[in-house]
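Q: Please take me through this assembly. I would like to know how to read its contacts, interfaces and ligand sites.

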Amino acid sequence: MADTAIPAKEPFRLSMLIYDRRYRSLTFQVIVFILVMAFGWWLVSNTVRNLEVLGKDFKFDFLSQRAGYDIPQPPIPYTADDTHLRAAVVGVLNTLIITVLGCVAATVLGVIVGVARLSNNWLFARLMTVYVEAFRNVPLLLWILVVFSVFREILPPPNAFRGEDPAASMILFDNVALTNRYTAIPTLGMTNDPGSLDLGWRVTISWAAIAFIVVLIGGWLVHKAIVKWAQATQDQTGQRPTTWWMSLIVMVLPSLLLIWYFGLHMIPPELKGFNFTGGLNISNALVALWLALTLYTAAFIAEIVRAGILAISKGQSEAAFALGISPRRTMNLVILPQALRVIVPPLISQYLNLMKNSSLAIAVGFMELKGTLGGTTLNQTGRELESILLMMGIYLILSLIISSGMNLFNARVKLKER
Amino acid sequence: DTLADVKARGELNCGVNTGLVGFAAPDANGNWTGFDIDVCKAVAAAVLGDPSKVKYVPTTGQTRFTALASGEVDVLARNSTWTFSRDTDLKLDFAGVNYYDGQGFMVSKDLGVTSAKELDGATVCIQTGTTTELNLADYFKANNMTYTPVNIDSNAEGEQQYMAGACDAYTTDASGLAATRAAFADPENHIILPEIISKEPLGPAVRHGDNNWGDIVRWTLYALIAAEEYGVTSKNIEELSKSSQNPEVQRLLGTSDDLGAMIGLDAEWAKRAILASGNYGEIFAANIGEQTPIGLARGLNAQWTQGGLMYAMPFR
Amino acid sequence: MQVSDEVAISISNMNKWYGTFHVLRDINLTVHRGERIVIAGPSGSGKSTLIRCINRLEEHQAGQIVVDGIELTSDIKNIDKVRSEVGMVFQHFNLFPHLTVLENCTLAPIWVRKVPKKKAEATAMHFLEKVKIPEQANKYPGQLSGGQQQRVAIARSLCMQPRIMLFDEPTSALDPEMIKEVLDTMIELAEEGMTMLCVTHEMGFAQAVANRVIFMDQGQIVEQNNPHDFFNNPQSDRTKLFLSQILGH
Amino acid sequence: MQVSDEVAISISNMNKWYGTFHVLRDINLTVHRGERIVIAGPSGSGKSTLIRCINRLEEHQAGQIVVDGIELTSDIKNIDKVRSEVGMVFQHFNLFPHLTVLENCTLAPIWVRKVPKKKAEATAMHFLEKVKIPEQANKYPGQLSGGQQQRVAIARSLCMQPRIMLFDEPTSALDPEMIKEVLDTMIELAEEGMTMLCVTHEMGFAQAVANRVIFMDQGQIVEQNNPHDFFNNPQSDRTKLFLSQILGH
Amino acid sequence: MSEIHAQTAQYVRDTMLPPKPPPENDSGVVKWLRSNLFSGPVNTILTILGILIVWLLVNHFWGWFTHSVWNAGSLSECRQLIVERWGEGSTGACWAVIRERWMQFTFGFYPSELYWRPTMAFGLLFVALAPVLFSESRKIRRIVLVTAAVLTLGAMLLLGAPAVWLIFAAAVFAAAIVAAEQRPSLLLIFSLLFPFLGVWWLWGGSLWGPIMALMGLVLGWAAFMLLGRLSPMLAGIGMLLVPLLWWVYLAGAAAQDAERLISLSIPAVASDRFGGFLLSITIGLSGIALSLPLGIVLALARRSDMFLVKTMSVMFIEFIRGVPLIALLFVASLLLNYFLPPGTNFDIILRVIIMVTVFAAAYMAEVIRGGLAALPRGQYEAADALGLDYWKAQRLIILPQALKISIPGIVSTFIGMFKDTTLVTFVGLYDPLKSMSDAVRASTDWKGIYWEPYIFVGVIFFIICFGMSRYSMYLERRLQRDHR
Ligand SMILES: Nc1ncnc2c1ncn2[C@@H]1O[C@H](COP(=O)(O)OP(=O)(O)OP(=O)(O)O)[C@@H](O)[C@H]1O
Ligand SMILES: Nc1ncnc2c1ncn2[C@@H]1O[C@H](COP(=O)(O)OP(=O)(O)OP(=O)(O)O)[C@@H](O)[C@H]1O
Ligand SMILES: [Mg+2]
Ligand SMILES: [Mg+2]
């Protein structure tokens, strides 16, 4: 047997940059990187030259100038005398508010509709299908306008509540007024006001609110402990004690005590002059936007939920049934934990979409980030480069926060495979 | 050099509103008409000799100044208020004023309000993206009143909002209020309050730095105004250019002294500008005057000789 | 391997339709406690459906099924009782992939039988040892081989300590090397006297442990006999044809 | 079936790791031109990995592999050369479902060997005839049975006119009826003197055509011998155990 | 107790039972109603709730819909007619505005004598798409092509298209229908040419422009072929660089010279005349068509094992997906001029298309990545084992399959993008929904009209998007069947 001569190890040659697998990918990456960097540099240098030609600079000092415009219902104290920066912060907070409200409502509605579409009630399932298809196939902008207009056309104006024999009347024991501008709800008053905590930046929070939060968190922790105890008891004896009433007491009773202590009471809204005052007026722009975003996103979520549940094979529920596990428990113990893994990733990307879609609020005059920083501020100061870059940066950060939440979840629930 | 660019292109890029009745709006075939449009036409006629050589670039409140600064449009004729910061910080040059406007309020009659001072606590609909927001804030602050703003992006939504009673008052430039009111099914039930809370001099703007081009736009505008002052109309202009003995008219129409050469144009530039859609008065009457559905009175926009503010600098 | 006189399952004149398709026709079958029955038949003959009717994964429309003295009707309580008496092993295992092997085995005892966790885990470990994979207790099903998964599925059923076990082609999704380990487990179970109904094509298994072989075709029981006679002396033409296909291969 | 002195593949002291897992340990193997080698061993013993190293679908980390005089290093030119000399047939056929059988066979000759289309098609038809399915040339793989697909996969490899063929369990995904037709094709190929390395558990095939059987376990070559001695007189305990499992079942 | 029990005694059936019909109470209308609408209290409540919702909706809008006016010249005339017909105080829909302006909603400000051009382009689009979207079944392709042909030719005739073009369109359709039967691969040639022809038909001007643009691709391919002999690396660079240089420096001049020699011009239509659904469809289609190659590159980069390439691709995709489209549109209208060399100025529609493309590409990349991931590893390995290099394997084996799997995802992306084109209103373009409606309202005749344009535009959007989503579902089902 003649062994073939085994070639000696090659030294490094230049051609290996192209022909050797190990080096080639490096070469390629470096080339691509250089090209991308060059492109980036080209953009930046163009920008610098353009700014020069236009005689503009790239500074963010306009943020500290007086904004000069009003924002309805700012979540933190804000007047026209505040700076553009504060206006931008108000915008971000409004974006966050609408996003959180929208995500919560859309999830609830989406899950209900998604399950309803699987229901064996023919009529109801069909209706849900119509709803889902209608919202998925028509631009969101139109839905926002439609919902906003429906509020405006159907509800009475505040002055319809006026007079001896008003055309409209308040509901819920004269505590809530639905008008075509806002929903007037009572505010809370205290006879025993403990004052407020100053968080700086003219943001204050009432001690009473802090007390409630503390009590609620405490109650929740106790509830957790109760559940843990129930689990332990079950592990010990096999019987799970009924605990919901204990949890209820723990959650509710301390709050009731606090209400009594602070002398909390409702101050109903009152029609004075043009508008209701005294209470809290939640503007229809917010409600309509919230509703439109909710309805639109829920239509997509419903499809995700439906697909998620359908994706869990019939075999899983059959196996559970065959073990004698009841349908409700099967849902909780077997189907949902698995369906969630399928549902959550696309669900989060719907949350992202909702957050991004909230920028359409300019159509109804709800002043979120796009309306303040990317709208009036940009318009009044003429700093489009700075404003838009900053705005995109903020959106990006919010997106990254949401999507890193998703990655965390995915990593946690990933099914173990061989 | 904008003039050379425009000539080389053979077309004037004119930034206009996306749709504002009477001032600038496209019809079903995309033909633009309106008060601002006629300014564009006059400039195009003066520079290129043909009022139809205009490309209208619709701009929104947010994109208009950038469109001008970036050279996308040569002149911005989009009811923009001449303010200090726009003239300086935003690097615009306003070529003059073609409409003296002011911000006002419209309210429904049955509200029983007769003065803006009575609007304390009211809900006010505003169109965003203009100076109106700032004026409104200033006005209520100065008068120690509170209000709830409803910032609406588009005119149509704002009007709809107002009509349904979702705001007590609608505020925008008085000209816009008149136009809006005119389109209502029941115009008699709405009144425009007497207070004008701001000065809103509207005029065409050009880029800062190109003074020659600025001059052309400015003096085209003046030519329109002056023409009215001297009684030069699109009807009698041919005749006058032959027969007029008024030296000012002669200079204006280029029959004596070549003023055009001083701004890089030919002698008949102003004549063509006037011919495009008539003098200032004709343009006003045709687009927004009392005979039109919008029905604006001349008011401040009358010639100075009639007690108004329209005052063309001398052609000399 | 003794068979008692006690009746474990009795099916009489049972009929079932899917829509208008008549899947099971006039089924009559009595299974005694301790019997081990193998059901064979061509694909689509209704074997799975029959087995699934016994623990009411499918509903029958006519006739009677009595399991352990309880008649299967729409009464949910009866169904629950029957299901916790009857264990079932599926072709595709149907383990719960989000739970560990141990959790798979203790889930039903804890939530259905209300057994304390400790005790449930002890039982589970006992049965896992029986199927010879106690060391995999804390792995997830996805990390096991097919044969191991099927053995876990068997252990999971056994943890409910059923009196009857149903198997629906438990080995047909497995690689040849793994079939043996599952069959061994089942044989061991049979030797302990468990009442078993098993749909399978493993004729070796049938000959080794079955008391009776039932041959089904077109939704009907065509032939039944003890394994020896069934294989060596089939009566019906259909059975002969089927056996020639199965064994000839 | 003659074996030449020429060395087709020489592997010396080859080691491979997946991460920190040592899959192949000190493999030494010389294959002569015309040899037909069968590789056997329990699941996970590294048979597939070994075969895949030979045409560099996997990279080895230590030692040497020389195929047809070309050492496998990271130089892509060498890799390309080796791959067009070595044909490979996979367990799951891996035909290209979007191309017809004929296109599957002509793709590589046209794009890699730059053969004119006409000629490539003629060659392809020739090999399709050899594997006895010329009439299927214009069908899509999805329209064929498993056995036919595997034969197409063999024809596809042959179209590149390789000097060495590698088979990785070519019959294990097939139904019993189809196994034979594929094995027949392979036997025919062997008779023509093709150098073959074949991972398989078909012991009949091994006895019929192999010059040598290699038994692997835990990433090592445990035993090699001619088929007769390998089956009738295994030396190592592991081999004995393995053979008893395979043949006993 | 014996080993063999009495009951195990042998049993043989001698006559097979015939199938019987199911028992009575298991079928029929009553059964259907009971099991689908009124099975249990919860279901009954849901049914009643459903009926209530439907009744409320119908009740609310019925009056308004039935009081419709189709013939009127202005809103005030409409109002008058409604009052006349249905009495004082009644309200109704004034569809007259749609009747008068629907061409404007469809074509924007496109010159009305040239309406046939976009119509033809849109009709022939189906020919171009036939090999891609309808490749599955001959029957469907036949139906689609014939329907498209009839509708397009009819519409062109009504819109007064010149005879030459009518004959041309008819010829193309006829050829396509024949080709679809005989040699479907011929259709691909038309698909390839269509983007260039489509641009020409929509914008008009000289045909030489698109021809020279196409030349760039041809040159790139030639460079690739020539340099490919020397080195694949060089070939890749040449393939990118040559067309780029050609387009930037030579194509324009070449087109002008050629035009001077042989004039191939049709009347040009400027971008500012685009509006309404024409604008939406133009932006949507160009966005999708252009984002496809970009998306493929990004998806391949994201799946690559080269760290830098992968990171850059991930960063780009995440960046684009992290910001709202509306922000990118503002970048197009406000910032793009900063980023390009001073003095560059191009069409806002083009700028918007660029940003929409970039936006869609990020989503497309994710869709295609899914398609790539769905391919079994064996396909890659088989290609490797046959000696195909990376690019050949991608082009011949991987992408054709991955793209096919991705078609449903691509269609959904397109639906999303098509809906999002309404956002161009915020940068001053005439989208059908808001700008066009506002433009209609800006005429004195129709000032104050509100719901009718919205409803009209919404319904059209629904029809288009719903059609597409149904189609993609159909495809999905088909693919599932094929890929078992
Ligand atoms: N849910 C169902 N709806 C309608 N028909 C069904 C359903 N399940 C099964 N069938 C039909 O009922 C018949 C019997 O099915 P079954 O699964 O019981 O057969 P099988 O004997 O178990 O066959 P295999 O050996 O293939 O498992 C088949 O024809 C099958 O197609
Ligand atoms: N890509 C990989 N990454 C990590 N480990 C791997 C990988 N591929 C295979 N292995 C491991 O390497 C070992 C050998 O695998 P290989 O596929 O070569 O075995 P085999 O002998 O072919 O087995 P079988 O008969 O099951 O095909 C196995 O333990 C396997 O789990
Ligand atoms: Mg079955
Ligand atoms: Mg293997």
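The dialogue below goes from chain contacts to domains, salt bridges and ligand surroundings.

Q: What kind of model is this, and how are its parts numbered?
A: This is a predicted model, in which local features need pLDDT of at least 70 and side-chain atom pairs count only at pLDDT 80 or more, while totals for chains, interfaces and linings use all residues. Residues are numbered from 1 along each chain as its sequence is written, chains are lettered from A and ligands numbered from 1 in the order in which they are written, and side-chain values use heavy atoms, with hydrogens and water left out.

Q: Which chains share the most contacts?
A: Contact means heavy atoms within 4.5 Å. Eight pairs of chains are in contact, and among these chains A and E share the most contacts. Chain A brings 60 residues to that contact and chain E brings 58 residues. Some pairs do not touch: chain B and chain C have no contact, with their closest C-alpha atoms 51 Å apart. Chain B and chain D have none either, and there the closest C-alpha atoms lie 50 Å apart.

Q: How many Å² do chain A and chain E bury between them?
A: The size of an interface is often given as the accessible area lost when the parts come together. Buried area here is the accessible area (1.4 Å probe) that two parts lose on being put together, summed over both. For chain A and chain E the figure is about 5,300 Å², with 75% of it on carbon and sulfur atoms.

Q: How many salt bridges and polar contacts cross between chain A and chain E?
A: Side chains of opposite charge can pair when their charged atoms come close. The rule for a salt bridge is a side-chain nitrogen of Lys or Arg within 4 Å of a carboxyl oxygen of Asp or Glu. It finds one across this interface, between the side chains of R470(E) and E133(A), at 3.0 Å from N to O. A polar contact is a pair of N or O atoms within 3.5 Å; within protein, one must be able to donate a hydrogen and the other to accept it, and residues adjacent in sequence count only if both atoms are side-chain atoms. Chain A and chain E have 16 residue pairs in polar contact, both residues at pLDDT 80 or more.

Q: Which element gives the most to the side of chain A that touches chain E?
A: Helices (H or I, at least four residues) and strands (E, at least two) are DSSP runs, numbered from the N terminus. Elements giving two or more residues to this side include helix 2 (21-54), helix 4 (122-136) and helix 12 (384-413) of chain A. Helix 2 of chain A gives the most, with 17 residues. By class, this side of chain A has 37 nonpolar, 14 polar and nine charged residues. In this scheme Ala, Val, Leu, Ile, Met, Phe, Trp, Tyr, Cys and Pro count as nonpolar, Asp, Glu, Lys and Arg as charged, and the others, Gly among them, as polar.

Q: Where do the domains of chain E lie, and what do they bury?
A: Domain bounds come from an automatic or database domain assignment. Chain E has domain 1 (70-100) and domain 2 (275-484), with C-alpha centres 41 Å apart. Their contact takes 13 residues from domain 1 of chain E and 10 residues from domain 2 of chain E. They bury about 870 Å², and carbon and sulfur atoms give 75% of that. On the domain 1 side, L75(E), V97(E) and I98(E) lose the most area, together 54% of what that side buries. Zero salt bridges cross between these two domains, but three residue pairs are in polar contact, both residues at pLDDT 80 or more.

Q: What does a salt bridge within one chain tie together?
A: The whole structure has 57 salt bridges over all chains. One of them joins the side chains of E238(B) and K271(B), at 3.3 Å from N to O. E238(B) lies in helix 9 (residues 237-243) of chain B and K271(B) in helix 12 (residues 269-277) of chain B, so the pair ties together parts that are 33 residues apart in sequence.

Q: Which residues are around ligand 1 and ligand 2?
A: A residue is near a molecule if one of its heavy atoms lies within 4 Å of it. Around ligand 1 the residues include Y18(C), F21(C), G44(C), S48(C) and E169(C). An oxygen atom of ligand 1 lies 2.8 Å from a backbone N or O atom of G44(C), and one lies 2.5 Å from a polar side-chain atom of S48(C). Around ligand 2, the residues include Y18(D), F21(D), S45(D), K47(D) and E169(D). A polar side-chain atom of K47(D) is 2.8 Å from an oxygen atom of ligand 2, and a backbone N or O atom of S45(D) is 3.1 Å from an oxygen atom of ligand 2.
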